[in-house]
Amino acid sequence: MNRPATTGPADDVYAAAPGADEYLERFDAAGAALLDVLAERDPDDPVPFCEGWLLRDLAAHLAQVYRWVAVIVSEARAQRPPAAEFAAMLDPADTPDLARRLRAARDGLLAVMRAAPADLDCWTTWEVAAPAREFWARRMLHETLVHGVDVANAGRSTPAGGEEIDRAVAVDGIDEIVCGFARRYGRTLRSPDPVGLGVTCAATGLRWWARIGPDEPTFGRGTAPAGVDVEVTGHPGALLLLLWNRRPYTGLDVRGDPGVLDLWAAGAHL
């Protein structure tokens, strides 16, 4: 299994997972908050940091993801569903009642996840040691949290900085993207010359790193074994949004070459 390297405190300091049921409660709360704000926004509001997206596009995308995961979990799919099946789950952006359909998709996924067995065995986006039910509960929490920020930012002149995000949830989210989701950028997150990116939570001292070079990038927790070219420190919520390309690095404590952060933004663009 391709596990992240750890050169600092023990893994359990970083990944003290609350368990599937608590993840689902947090997912439920994050989804309810997103839907409440969405109801107050104009569906034609542009979504900051998501070029070309309007809120209606975001609502359609998120409902599609919820339906996709519900199928994977409810049918215990052993493989990723075909691209055509995923595409068929997308409501066109001009579909009436997109917000209502998003709510129905979220409620349906919650019901499926709550009914899933603890020992669920199904496909996951990347290989993990945790049970599949816990993986998907965690993944859907952070998917919803980040898109909740997108909804809140739409129509605002000053986007959220991330400091409003619960610290514990944000730390878990950083761990998820660095040690999991970012593997999806193996083909795009490249640099002719190897460089290192370090991320440190100001409140906890927990650290993560990414090594980016001409080959597939590597990631880990703790102190980077080969050092870093830039270290960015801040509130975990601010760091989480930075890693998801939902805020600039201005206002954060950046030490070293900020060009490495620009490299991340370009190669890990969501």
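Visitor: What is the mean pLDDT of the chain?
Guide: This is a predicted model. The mean pLDDT of the chain is 92, and 93% of the residues reach 70 or more.

Visitor: Where does pLDDT stay under 50?
Guide: That applies to residues 1–11. For this stretch the model has 30 contacts beyond four places in sequence.

Visitor: Turning to the helices, at what angle do α2 and α5 pack?
Guide: Helix α2 covers residues 20–38 and helix α5 covers residues 98–115; they pack at an angle of about 175°, and their axes are 11 Å apart. Because angles over 145 degrees count as roughly antiparallel, α2 is roughly antiparallel to α5.

Visitor: Which residues of α2 and α5 meet?
Guide: On the α2 side they include Leu24, Phe27, Leu34 and Leu38. On the α5 side they include Leu102, Arg106, Leu110 and Met113.

Visitor: And how many of the residues in that contact are nonpolar, polar or charged?
Guide: The contact of α2 with α5 has eleven nonpolar residues, one polar residue and five charged residues.

Visitor: How do α5 and α6 cross?
Guide: The axes of α5 and helix α6, residues 132–153, cross at roughly 155° and come within 10 Å. The angle therefore makes α5 roughly antiparallel to α6.

Visitor: Is that crossing left-handed or right-handed?
Guide: The crossing of α5 and α6 is left-handed.

Visitor: Which residues meet there?
Guide: Leu109, Met113 and Arg114 of α5 meet Arg133, Trp136, Ala137 and Met140 of α6. By class, the contact of α5 with α6 holds five nonpolar residues, two charged residues and no polar ones.

Technical notes. Residues numbered from 1 in each chain as written. Predicted model: local features only at pLDDT ≥ 70, side-chain atom pairs only at ≥ 80, totals over all residues. Heavy atoms only, no water. Axes fitted to C-alpha atoms, helices over the stretch in contact; angles between N-to-C directions. Helix = DSSP H or I, 4+ residues; strand = E, 2+ residues; numbered from the N terminus. Parallel < 35°, antiparallel > 145°, perpendicular 65-115°, else oblique. Contact = heavy atoms within 4.5 Å. Nonpolar A, V, L, I, M, F, W, Y, C, P; charged D, E, K, R; others polar. pLDDT = per-residue confidence, 0-100. Left-handed = near helix turned anticlockwise from the far one by under 90°.
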